[in-house]
Amino acid sequence: MATDYRSEAVIAAPILAVAAEADSLVRVEAVAAWKARTGAGFTLHTLPGGHFALRDSGPALARLLADRLAAPTGEPEMPAEDPRPWLPFTPAPPRGRPQIVCFHHAGGSAGFFRPWLDLPELTEIAICPIELPGRGSRFGEAPRADLADLARSLSAILVGHLDWSRPILLFGHSLGALIAYETALRLEGRGLIPRQFMASARRAPDVPTPQPWRHDREDGALLAELSRIGGTDAAILQHRELMALMLPAIRADFALTDPYHRPRPARLECPILTIRGRADAEIGEADMSGWAAATRSGCTRWEPEGDHFYLADPATRNALAERLAHLVRAAP
């Protein structure tokens, strides 16, 4: 009966397909054909062994299913939004080129990544900095304080705006790494797997933020904390009227990151590169180690010279650009 079975039906649920690499009865390519039977995302996971690989790989498959259950699935679809405010430097879809989507730090803006557009190593790559509401070109908008809502909006925008036939890398710095990770989980839930996720200067999902949390501090204490962390010009911090306008967005950013904690992180299909400045007093080396548990495809690390805002150094930025270009060139 199974031999003669044929169906062209397409289901509305995502499909997770499992294939054995050495299966002589059902080849991996045949299992991959399930992709045409869903309109909601497809993921193919391979196991070593033959047709009865589950006898040896049962525990590994159980962990895979547990990870998928822990991932943010079954969330309501977000209505379509205009992608241009979110991607001010790439308002037109970047067709035919690899893309690096950049997520900024708490209190930052898409302008933090503006120098990347002029780096010679990245001229053949579309640099796509994200602009969150409440800052930069979106200063007049209310900031977002719900991480799940924000990640759903971003995943919906990136699904429609990017060229997924080309390699796509996600780079997040500090808070941006957290937003990028949650966005990547939702992209993968739709069957769209980034080539690489880069977590820069951000503790792993299973490491809670030490208290007292910054979004609860009064204005003077919050300004002192911003001065300690760095990344904000001292003259701007001393400008009371300007900071009074900026603090609501900064406080909302910290409200996204302060309470965040995944004791058992959902694992990505894509590999992870962690980056931490060796002199970073905000994020320790041990804080970053847990990122290895947030992927099924391997985690590597790079520790350049510098502190929490190591990217401000042009030489380090150029070295990172070379690494990014290499990652893109290495993509199949």
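User: Are Trp116 and Phe171 buried or exposed?

Analyst: Both Trp116 and Phe171 are buried, where buried means under 20% relative accessible area, exposed means over 50% and partly exposed lies in between, with a 1.4 Å probe and protein chains only. This is a predicted model, in which local features need pLDDT of at least 70 and side-chain atom pairs count only at pLDDT 80 or more, whereas totals for chains, interfaces and linings use all residues. Residues are numbered from 1 along each chain as its sequence is written, and side-chain values use heavy atoms, with hydrogens and water left out.

User: How many aromatic pairs does a search of the whole structure find, and what describes such a pair?

Analyst: A pair of aromatic rings is described by the distance of the centres and the angle of the planes. Rings of Phe, Tyr and Trp (its six-membered ring) pair if their centres lie within 6.5 Å, and planes under 30 degrees apart count as stacked, over 60 as edge-to-face and the rest as tilted. The search of the whole structure finds eight aromatic pairs. One of them joins Phe112 and Phe113, edge-to-face at 5.1 Å centre to centre with 80° between the planes; Phe112 is partly exposed at 24% relative accessibility, while Phe113 is buried at 0%. The rings of Trp116 and Phe171 have centres 5.1 Å apart and planes at 65°, so this pair is edge-to-face. Because Trp116 lies in the loop between β3 and β4 and Phe171 in strand β5, the pair ties together parts that are 55 residues apart in sequence. Ring pairs link Phe112, Phe113, Trp116, Phe171 and Phe309 into a cluster.

User: Which strands pair with β3, and in what sense?

Analyst: Helices (H or I, at least four residues) and strands (E, at least two) are DSSP runs numbered from the N terminus, and two strands pair if DSSP finds at least two bridges between them. Strand β3 (residues 99-103) runs parallel to β4 (residues 126-129), joined by four bridges, and it also pairs in the parallel sense with β5 (residues 168-173) over five bridges. Val101 stands opposite Cys128 in β4, and Phe103 has Gly172 as its bridge partner in β5. Gln99, Val101 and Phe103 point one way from β3, Ile100 and Cys102 point the other way, and all are buried.

User: Which residues have a positive phi although they are not glycines?

Analyst: Most residues other than glycine have a negative phi, and most peptide bonds are trans. Ser174, in the loop between β5 and α4 (175-189), has a positive phi of about 60° and is buried at 15% relative accessible area. Ala201 has a positive phi of about 55°; Ala201 lies in the loop between β6 (196-200) and α5 (219-229) and counts as buried at 1% relative accessibility.

User: What does helix α9 pack against with its buried residues?

Analyst: An α-helix has 3.6 residues a turn, so residues three or four places apart point the same way. Helix α9 (residues 314-330) has 17 residues and reaches 24 Å from its first C-alpha to its last, close to the 24 Å expected, the expected span being 1.5 Å times one less than the number of residues. Its buried residues are Thr316, Arg317, Leu320, Ala321, Leu324, Ala325 and Val328. These buried residues pack against β3, β5, β6, β7 (272-275) and β8 (299-302), with contact meaning heavy atoms within 4.5 Å.
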